[in-house]
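Please read the points below beside the sequence and the model. They take up the nonpolar cores, then the strands.

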Amino acid sequence: MSASSAFNDEKGGSSSVGEPEYGHDPASGGIFSSDYKRHDDLKEMLDSNKDSLKLEAMKRIVAMIARGKNASDLFPAVVKNVACKNIEVKKLVYVYLVRYAEEQQDLALLSISTFQRGLKDPNQLIRASALRVLSSIRVTIIVPIMMLAIKEAASDMSPYVRKTAAHAIPKLYSLDPEQKDQLIEVIEKLLADKTTLVAGSVVMAFEEVCPERIDLIHKNYRKLCNLLIDVEEWGQVVIINMLTRYARTQFLNPNMNESLLEEGSGGDRTFYGSDEDEDEDEEEKEKKAETPAMAKRKPYVMDPDHRLLLRNTKPLLQSRNAAVVMAVAQLYFHLAPKAEVGVIAKALVRLLRSHSEVQYVVLQNVATMTIKRRGMFEPYLKSFYIRSTDPTQIKVLKLEVLTNLANETNISTILREFQTYIKSMDKDFVAATIQAIGRCATNIGEVRDTCLNGLVQLLSNRDELVVAESVVVIKKLLQMQPEKHSDIIKHMAKLTDNIQVPMARASILWLIGEYCEHVPKIAPDVLRKMAKSFTNEEDIVKLQIINLAAKLYLTNSKQTKLLTQYVLNLAKYDQNYDIRDRARFIRQLIVPTEKSGALSKYAKKLFLALKPAPVLESPFKDRDHFQLGSLSHLLNAKAGGYQELPDWPEAAPDPSVRNVEVKDSVPEWTKCSSREKRKEKKVEKPFYSDSEGESGPTESADSESDSASGSESGSGSEESASRSESEESEDGSESEEEEEEEEEEKEKKKKKKELKKPVQESESEQSSEEEERKHQRKTKQRKSDSESESDEDEESESESSQSESEESESEAEVKKKKKAAESKPPSKPVKKESKKEKKEMSLLDLDDFEPAPSPQVTPVNTFLSNSLVTDLEGLSLSDTVLSPATIAPSSALKNYELLHRITGEGLSVEYCFSRQPFSPDANMVAVQMQFTNNATADTKNLHIEDVKLQSGMRVKEFSEIELLPAGETATAVMGIDFCDSTQAANFQLCTHTRKFFVSIQPPVGELMRPVFLTENEFKKEQGQLMGMNEITEKLTLDMKCRNEHTIVQRVTTAANLSRVPCGSDKECRFAGRTVSSSSLVLVTVATKEEGAAQLTVNCEKMVIGTMLVKDILLALTQ
Amino acid sequence: MIHSLFLINHTGDIFLEKHWKSVIGRSVCDYFFEAREKAVEPENVPPVLQTPHHYLISIYRGKLFFLSVIQTEVPPLFVIEFLHRVADTIQDYFGECSEGVIKDNVVTVYELLEEMLDNGFPLATESNVLKEMIRPPTILRSVVNTLTGASNVGDTLPTGQLSNVPWRRVGVKYTNNEAYFDVIEEIDAILDKSGTTVFAEIQGVIEACVRLTGMPDLTLSFMNPRLLDDVSFHPCVRFKRWESERVLSFIPPDGNFTLMNYHVSSQNLVAIPVYVKQSISFFETGPCGRLDITIGPKQTMGKTVEGLMVTIHMPKAVLSANLTATQGTYTYDLATKVLVWDIGKLNPQKLPNLKGSLTTQAGTPKPEDNPSLNIDLKIQQLAISGLKVSRLDMYGEKYKPFKGVKYLTKAGKFQIYIYMFIFLENLMSYLLFEWLQCVLKHSI
């Protein structure tokens, strides 16, 4: 409150002087004086010390604003409360400020310091709302402050604050467009953000500030595709629309090989097969895409990124949000191969059940689609049938769709429907139906006569509007074959007596004039009647009377000469100049005089030229040049800020721009730019796709992991600042190899820094960035886990044969976790880099220890345990507190969740297998547990109870933790003798208040400890473990896993083994002993040409051997 | 994106306005009022209007117009869907979405709008997130608040905002754990005069009311999931699981929500629960007509049809109706020309019948309009498509919840054409005769 009191002091004098001034404001005086009195008591309340009074006052003020009443004179009184402690008062003051700051800029400035303070608040909600208000105050003077605030918030550790920063970007841009360049930098930074929370907002900012900078998307394309399904629904819409445009510039037209002539309905047929068929098609397509495109590009091969987009958007057709469904539908319409567009029809038809406004928009879009792809909606014809309860605008649109869908086969049913509609009570709708019948008649020759007859029958309808509309339509139809229908013309001629609707009269007159030779007797008579009523007619009718007169004069001057003269004379004195002009013109043209002889010769040709029949077209024709679903499409006019949908490029731009550069230089992660390389990498496991339903083992996947590691490493150096000491010493064991890599790395980094921000960006910021990253990782993992259920299915599916049983789930889980661990290591080398100078000595001390580099996993926390898979816990992940120099330093330790903080009511527990000998009992596996108390209260007496074990297993409990204060973390080590089995150890974790059932299940690789063997010993031992004890498996190594170094790293990650020196560089050998029974475990990986390899495991415990083979195989092939 | 929002009641008063960017004057609504005037019926106002400087996108909900002002390109559905979400939220908070309720809670509504949009872009639309930020009013709380000055506004970031299950808040606790699911199906059908189905389909929705402690993970499976042709889910449903196993697996939001919407494939024959025998005729001469309607059960799967109601939109010329109903009551609204016959329960033994005469305006010719007949009905404990929930499993929590499934069939847009108008294949001769008549009539 000190700030606000200071503010009061400062402002005290002026406000007391200022208030009366406002009161006497001449502009607002008199009339509102009663208001002013009331405002006075509001001011009093605002000045009081009681929060409740302030709140009441603010509520009344906000209610005034909501009603649109002016409350601007209260500004000084309100702004004083900006620093109020009561959160609701504060919020309402914010609301007020945002509303009136623009009008009272000087006073508004006084509140700025409060927001600046708010930006530093430890509470993320307060930081975010301070930024929100600050950026919403439209005061130009504070642009630099806003810019700074946005930049800072963009690297905030809370994704919510970063999201707010993304929202602030367009605000600032609209306030001062000159900031564009700086804002683009921020956008670029936020685009690289990996949280779903930020993605939608930043893309929205991108669309508003720099939609033309499509190049910013390249690097984030795959990430966006993969995150899409988890982004909140509004963000999804924006991202999908943007990606549609992106894809149009980057990929080739998937339909380019299909001849344009084929557009008709015939070819479409095949697409409406069952879903299964479509899926098959898709698979085939994918296969096609995968079979190396190097051979020939002739047959179109879809870019895998293009496919990725289509595949990842498809499930969103099931969204409850109509806007998302529509966005996906337009994406498919504009981007998908013709054969696949069909899938959207069903979803769009579903939207027709929604609110009428939704129907309105959807039907507009369906109408456009039906013109291009009629077949797509044909199976749903009946869904467009009209009900009498529909609003007229919906009826008319449905009619439009039905007309577009009409063809030879379904026309009879459609016409039968139309007949019902004609009897409707809604006259506008009837008129539209008649026009629709007319269009069907012109489009489908077979039914022309039927339609015409039906329409003629309508001429005897009692409703004039119906008759008039029919006349107009019949006129158009008759133009096609006038000679066949002279009797209809005659009939219509008679209608002139009754029909009063001008348009209809004009149409009839035109018809008679045009086809006067078919009705030679009637025409002059009609003219006679018309001449009589000429003066009373509407203008369009008058014009047609003149036309009729002229035409008759030319064909039948004998009978009509005088009549024509008469009509022309009447017209000469008409009030309307168009009519006078027309009369003068026609008189000169048709009545031969000496002067105008030249033209009058051709008069007949001019007037009675054969006129082409009008084509009755849908108003939705050619609307598809607007992006479907857009406002511009709906209005059929370009709306402000509309981004044209570009045409497909002739040749695809370089697809490698979407590869995310790999900044760290662990060899297997090297950047690959060529197409084939990317293809081969497909086998790799996705990093992100844990959280992604769709991606599977494809292109997308590897790009993802690339991107992840890439960006991580990009800023990895910054992490060093906050690393724990234990980690540092761990770092010491890294190898020389790595240093080389670091050299490379440095170069890259330099480049990057040049591009990005100045190097001197403060350390504090960097560390906060690092935190942020940690946080991201956390959230990512939480997500991946809680969604694991579906993902697992996905993965097991993609993994082909595994069934949906629990077994496969757990396997998938293992895979995933491994994957996660695997994809981490690259971040390590970079981290060290900046530290290197400081720590050079220690590095030198230790680096002769082990030739392989030891990529260290950064701590991974809070692995949310999905309740469904709690029993799968204990598989693997990294370590929080890294142990100094273990025997096999190259292994990455994985953290597992033992207790999630939600289930644990604030207490979260993670554990890892520290791979250190458990000193109290050598037969036990050491399990290191980390307890974090996230609750607000302290936790006491943490201990283990009620251990339930399989026979033979033993547990050495950790000593009770007596007190774990709120927010603190503690570690403990316990030992478990698993008896060389992967059975879980179940026990209760007890606090002073609660008991939690938890279980630890070890991966087989953790059940052993490394032993040192010489090459000869190894061979000898191996010789004794032949036959039943030897398991051999052939495998193809992953692209990135074809060098010795990686193989070693992956194997040691999967199992706690040590490397055995080996003469041949084609073989890697590892040895260990199981912890309980000390049985020897020997592993050999022999590599051959082109990634082929053979894995041999010798172990007298066959079960262990088999399981180990599985795990290592997975580690090597993923 | 969304620049401003105006709430307008059916008489055309703007009773709430909110601007997310700079203020736009109310005069912009004049364009809307003009269109409103032209459209006659509020349902017929075009949802999207173009004015010289702005675009107006509006929805009509609960006799209110939600009118948003847009300045640049934005997908119209995006705005429409958002406006409906606003209306849903208001309904969720205050029980209904009406002018009175909004006026009574204007500050809360304003705060909600403030949270839902930032600079015109949706920020928090998930109801549980909003409820943590701005607590819905209860009588108890408002009393307490006025006494203590405590506020309804949360001061920490709702956990949902950051979690990957934004629809559920943490720390939910109930003493009675229960999960109820209502399977509600609606038959949309168009029948022609003879009772033949022109078009019929079943639309279903599963409404859930879940009050479970903690973070339950539910799996709902069906006996016959293949029936479902097209589905859309609440975001909590794991789509992949549905794709592969056809079960609904989800961590539910707390409270009431719509779990899923579905459509039963139109290949399956739709059972039509009732038949209608009707004849409405007007005499060529004289100001009267006759009406005779009988309703009977057709395919009801042994259940009783309840809440039966027939609505007929009469031609404008019909002045009054003098009818007798064997069951239920009928009303004829002279202004709207709507005849409503409320039957109630359908007794298969004694079929309800409505019979009598209609008076038309004297001197006007026999009406040519098609009256249309709409039917409303309910069948308890039956999902007409045959869909059955086989089981509900819960993972992740230890307690045993109370589970229940209810089925209900309703008539959706169930309409019967009364007249059929037939085009003859070749009408020429017939037509000539007609014209002759016509000509004769008019020349006399």
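1. In the largest nonpolar core, which has 273 residues, A:Ile344 and B:Phe66 touch the most other members; such a core is a set of buried Ala, Val, Leu, Ile, Met, Phe, Trp, Tyr and Cys residues joined through side-chain atoms within 4.5 Å, where buried means under 20% relative accessible area with a 1.4 Å probe and protein chains only. Helix 17 (residues 322–335) of chain A gives this core its largest share, 12 residues, helices being DSSP runs (H or I) of at least four residues and strands runs (E) of at least two, numbered from the N terminus.

2. This is a predicted model, in which local features need pLDDT of at least 70 and side-chain atom pairs count only at pLDDT 80 or more, whereas totals for chains, interfaces and linings use all residues. Residues are numbered from 1 along each chain as its sequence is written, chains are lettered from A and ligands numbered from 1 in the order in which they are written, and side-chain values use heavy atoms, leaving out hydrogens and water.

3. Leaving aside neighbours within four places in sequence, A:Ile344 is in contact (heavy atoms within 4.5 Å) with A:Leu317, A:Ala329, A:Tyr332, A:Phe333, A:Met369 and A:Met376. A second, separate core of 74 residues includes B:Val231, B:Leu291, B:Ile293 and B:Leu392.

4. Strand 14 of chain B pairs with strand 15 (residues 288–297) of chain B in the antiparallel sense over nine bridges, pairing requiring at least two DSSP bridges, and B:Ser279 stands opposite B:Asp292 in strand 15 of chain B.

Methods:
Buried means under 20% relative accessible area, exposed over 50%, partly exposed in between (1.4 Å probe, protein chains only).
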